[in-house]
Amino acid sequence: MSKHPFKSSIAVIGLGYVGLPLAIEFSKFYKVVAFDISLKKIISLRKGIDDNLVIKKKDFKKKNILFTNDSKVLQQSNIFIICVPTPIYSNFKPNLSYIVKATRTVGKFLKKGDIVIYESTVFPGCTEDICNPILEKVSKLKINKDYILGYSPERINPGDKKKKLSRITKIISASTRSGLIKIYDIYSKVIKAKIYKAQSIKVAEASKILENVQRSINISLINEVSVIFKKMEINSKDVLNAAKTKWNFMDYRPGLVGGHCIAVDPYYLAYKAKKLGVSSKLILSGQKINEKMPKLISDKVKKILNSKNLNSNKILILGVTFKENCPDLRQSKVISIIKNLSNKKNKIFIYDPWTKKKFLKKVLNKNNKFINKFDPRYKFDIIIIAVNHSIFKKMGIKKIRNLLKKDGYLYDVKNIFHQKYSNETL
Ligand SMILES: NC(=O)c1ccc[n+]([C@@H]2O[C@H](COP(=O)([O-])OP(=O)(O)OC[C@H]3O[C@@H](n4cnc5c(N)ncnc54)[C@H](O)[C@@H]3O)[C@@H](O)[C@H]2O)c1
């Protein structure tokens, strides 16, 4: 490992699931400016509160880190790491507005000898062909002559305590060979796992997209076959358990695909492919299958409720976040289920200790209630275990079934309890 050449600070731009853990890790070794446009976020972080529940209060202490929403502080920094969102618009096209805005901000403070690294997930070519021209224009500097450009995709998995940032192999890439060595040095302080030097920025960008495209397609395949098996009255969990005894069978499970990565990133690649006149049929049909799953679940629930023919239905939804053990609600397909089931007749109760009522304003109304505890007087016509939170497993199937009316129906979407306890699974 070569000696670290920088005395000055690292600026992390965007302090969400990706940026905050990175800023905290870097602050153990460098002076860090942690910049976010959200003042509300900065106020919380200064108090040592991470709303994403990734960083604990004690981990904020004694760190060489300045939380700010004042971009002028970025003047102090020589290394800029951009971790802002890259979502999609409702027409599935990439929304690059955050990355463009963050690039302009960095461009204003870019100096000779600086390094700009992107960690946001983008389609191949975005860093060099879209972001870099903005950097050059705003800073009036030249790439490689005046500053180095880098791309390092993030692979953290919020909610997964085992896969910590420092323990995950990190891919890095840069616009020059010497830049790659500098970027290697920067990350080698915080990454204890392997650091993989990609051949180019485009290779690094493409590798991240491919990881998520592969996951999306594999899950969509299992979602599709689970629907087929259900028609055949075969339990898909039993099939998967049998099939995975083969050495090269990949163990994917059916489920709801939401969140900021798998539900979104394939559209980035499909967008770029379309621009180049190349088809991405398989990628898009995988997305379509996954997106149909909430409707499939809510249609089934509607059918069951219709067959009961009650004046009003009490539905309990356990879990509303897009994945287990994480408060992230972005692109949560449970929210789609709630919306599909929302009508005057259905009283929907949502229980999820990983999130708060204030984050669910869009789905809560007088018929949809967020609850923190169970009222013993309430019994439900149907319970949907929508998310695989460990807390539900800890509650146990007995306690959950006790919340049902006598002829109540349990839909254990992810099949987290044994199939014999539920009426329906995917
Ligand atoms: N969440 C994950 O698990 C994960 C994993 C790998 C990669 N990624 C990718 O990393 C990127 C960031 O994702 P995230 O989940 O951390 O997002 P996030 O929404 O949790 O955080 C992004 C932060 O950036 C801030 N921000 C937006 N525009 C800004 C600007 N112009 N200047 C400064 N701050 C700005 C927002 O206020 C927010 O706090 C995305 O491209 C995402 O696809 C996310």
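Helix 9 and helix 10 cross in a right-handed sense; a crossing is right-handed if the near helix is turned clockwise from the far one by less than a right angle, and left-handed if anticlockwise. The model is predicted: local features need pLDDT of at least 70, side-chain atom pairs count only at pLDDT 80 or more, and totals for chains, interfaces and linings use all residues. Residues are numbered from 1 along each chain as its sequence is written, and side-chain values use heavy atoms, with hydrogens and water left out.

Helices are DSSP runs (H or I, at least four residues), numbered from the N terminus. Axes are lines fitted to C-alpha atoms over the stretch in contact, and angles run from 0 to 180 degrees between N-to-C directions.

A second pair is formed by helix 6 (residues 201-231) and helix 8 (residues 265-275). The angle here is about 115 degrees, and the axes lie 8 Å apart. The crossing of helix 6 and helix 8 is left-handed.

The ligand is surrounded by 27 residues, each with a heavy atom within 4 Å of it. Val18, Asp36, Thr86, Thr121 and Arg330 are the closest. The shell comprises 14 nonpolar, seven polar and six charged residues. Helix 3 (residues 97-109) contributes the most to this shell, with three residues.

A polar backbone atom of Thr121 lies 2.9 Å from a ligand oxygen atom. For Ile37, a backbone N or O atom is 3.4 Å from a ligand nitrogen atom. Gly16 places a backbone N or O atom 3.5 Å from a ligand oxygen atom. Taken alone, the ligand exposes 830 Å², of which the protein buries 92% (Shrake-Rupley method, 1.4 Å probe).

Note on methods
A polar contact is a pair of N or O atoms within 3.5 Å; within protein, one must be able to donate a hydrogen and the other to accept it, and residues adjacent in sequence count only if both atoms are side-chain atoms. Helices (H or I, at least four residues) and strands (E, at least two) are DSSP runs, numbered from the N terminus. Ala, Val, Leu, Ile, Met, Phe, Trp, Tyr, Cys and Pro count as nonpolar, Asp, Glu, Lys and Arg as charged, and the others, Gly among them, as polar.
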